[in-house]
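Here are a few exercises to work through with the model open beside you. Try each task before reading its solution.

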Amino acid sequence: MTSASADVLIVGGGLVGLTLATLLRQQGDSGEYNVAVVEPRPPEPPGATLGLRVSALSPASQDILENCHVWQNLPATRLGPYVAMRVWRGGGPDGSQSIRFDAAEQGLPALGHIVENELLRWELWQRAEALGVELLTAAELVSAQRDERRVLLEFDDGRTAEARLVVGADGARSRVREAFGLSVRRRGYGQQGVVTHVASSRSHQETAWQRFLSDGPVALLPLADGRSSVVWSCPDQRATALLSSSGDDFGHELTRVTQRVLGDLSVTVKPRAFPLVAAHAPHYCDERVVLVGDAAHQVHPLAGQGVNLGLLDAAELASRLIDQQSLRYADPGDKRLLRGYERARKPENLLTLTTMDLFHRVFDTGNPLLSSAGGAGLAVADRLPAVKRRLAAQALGGGSRV
Ligand SMILES: Cc1cc2nc3c(=O)[nH]c(=O)nc-3n(C[C@H](O)[C@H](O)[C@H](O)COP(=O)(O)OP(=O)(O)OC[C@H]3O[C@@H](n4cnc5c(N)ncnc54)[C@H](O)[C@@H]3O)c2cc1C
């Protein structure tokens, strides 16, 4: 039975938790924190073909991962850059209800990259290990107690750990959030995100395509191997029907609803579905505990922002903790520090959540008046540089390189 002791103990070795661990150990001077990560499901080495779960990562996320010295290790053959984004409602991507974003317009080489979640998690894991992060595997948090100076955690395999700060990076169903009595407001969209990869008869042109259907958006994201990743957000019933349809029928239906923008589409990977939820924790911190990523907020994937927001949380918290280290009696569990992090991150997370909610209400509720007004709104925004810049900034993850 091993007992661990750390300054900062991160529960959850997903993309956000591992990024935070790596950033905290990145400094390389003598004042480093001891960092441990608890993760019941360590990443597997990447397979020969692209994994099913991918994320559209913004330039801001790329910066953070470059700071971790992880982005540089991702093979170029598995990074799918996208240089344009085309969004439309009716009439096709060039029609009267459409908007277009170009990397060149933003002065960037790419608007972002499509990256496999497990490949990235694998690289982060290797990097964290090399930096001396203690990785506790096969353990799930079951209980937590705290006093003035530290937190004591107990795991399902009988191991225990103590830390000065516990970070809940354990995703939407955060056990840390629950164990420390932090509340969350959650609302299901009544939709599932159906994901698969497709081959297409026309090139994806390194462009992310998204059409707002009357019951949810469908996106085709360009993969490095020429295929596209599909994220089709649709009502539960339609998702069930899609999952039980044959590959051919799925492909035909997808070709039809995307108005043949990439020609004929054929499914190359068995589709899977994920329930779509909006959630936000009113408080991201309490005595010696703090939440990051999906444990603090969950957004609709229509603008692909969940990981991007989570990595910005990790960067903000890491930079505050590292600053704190220079103080004489540095305490990573200092409440003012944790509150400062919460104040810094909440507005952007809430703004994204509210914007995604608004898009969902306008386009996905089946109200034809609202959704054609939304379609017209896209065209108007396309012609208003200030509005377009604001939308692009949000899609680029804070709009600036960090
Ligand atoms: C269909 C779909 C498409 C998406 N596309 C995008 C996209 O294009 N771009 C984007 O930015 N975001 C996207 N997202 C959102 C993104 O996937 C999430 O926001 C992101 O994965 C959250 O990362 P996380 O590290 O906070 O949580 P998670 O990825 O959920 O990781 C949590 C980790 O904690 C571990 N854990 C859980 N419970 C415990 C416990 N009790 N003890 C210890 N460890 C525990 C888990 O094993 C896991 O490794 C999408 C989401 C969906 C559903």
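## Exercise 1: Backbone contacts to the ligand

An oxygen atom of the ligand sits 3.2 Å from a polar backbone atom of Val16. Keep in mind that this is a predicted model.

Task: find which residues surrounding the ligand are the closest, and which backbone N or O atom lies 3.3 Å from a nitrogen atom of the ligand.

Solution. 
- Step 1. Start with the surroundings: the ligand is surrounded by 30 residues. The closest are Glu39, Pro40, Ala56, Asp294 and Val307.
- Step 2. Turn to ligand oxygen: a backbone N or O atom of Asn308 is 3.2 Å from an oxygen atom of the ligand.

## Exercise 2: Helix α1 against helix α7

Task: work out how the axes of α1 and α7 are oriented to each other, and which residues make the contact.

Solution. 
- Step 1. Take helix α1 (residues 15-25) and helix α7 (residues 306-325); their axes come within 9 Å and cross at roughly 25 degrees.
- Step 2. Angles under 35 degrees count as roughly parallel, so α1 is roughly parallel to α7.
- Step 3. The hand of this α1 and α7 crossing is right-handed.
- Step 4. On the α1 side, the contact involves Leu15, Val16, Thr19, Leu20, Leu23 and Leu24. The α7 residues include Val307, Gly310, Leu311, Ala314 and Ala315.
- Step 5. Sorted by class, the residues of this contact are 13 nonpolar, two polar and no charged.

## Exercise 3: Helix α1 against helix α3

Task: describe the crossing of α1 and α3: left-handed or right-handed?

Solution. 
- Step 1. The axes of α1 and helix α3 (residues 117-130) come within 9 Å, crossing at roughly 25 degrees. The two helices are therefore roughly parallel to each other.
- Step 2. The crossing of α1 past α3 is left-handed.
- Step 3. From α1, Leu15, Leu18, Thr19 and Thr22 meet α3 residues including Asn117, Leu120, Arg121 and Trp125.
- Step 4. The classes here are six nonpolar, three polar and two charged residues.

Note on methods
Residues numbered from 1 in each chain as written. Predicted model: local features only at pLDDT ≥ 70, side-chain atom pairs only at ≥ 80, totals over all residues. Heavy atoms only, no water. Axes fitted to C-alpha atoms, helices over the stretch in contact; angles between N-to-C directions. Helix = DSSP H or I, 4+ residues; strand = E, 2+ residues; numbered from the N terminus. Parallel < 35°, antiparallel > 145°, perpendicular 65-115°, else oblique. Left-handed = near helix turned anticlockwise from the far one by under 90°. Contact = heavy atoms within 4.5 Å. Nonpolar A, V, L, I, M, F, W, Y, C, P; charged D, E, K, R; others polar. Near = heavy atom within 4 Å. Polar contact = N/O pair within 3.5 Å; in protein donor to acceptor, adjacent residues only side chain to side chain.
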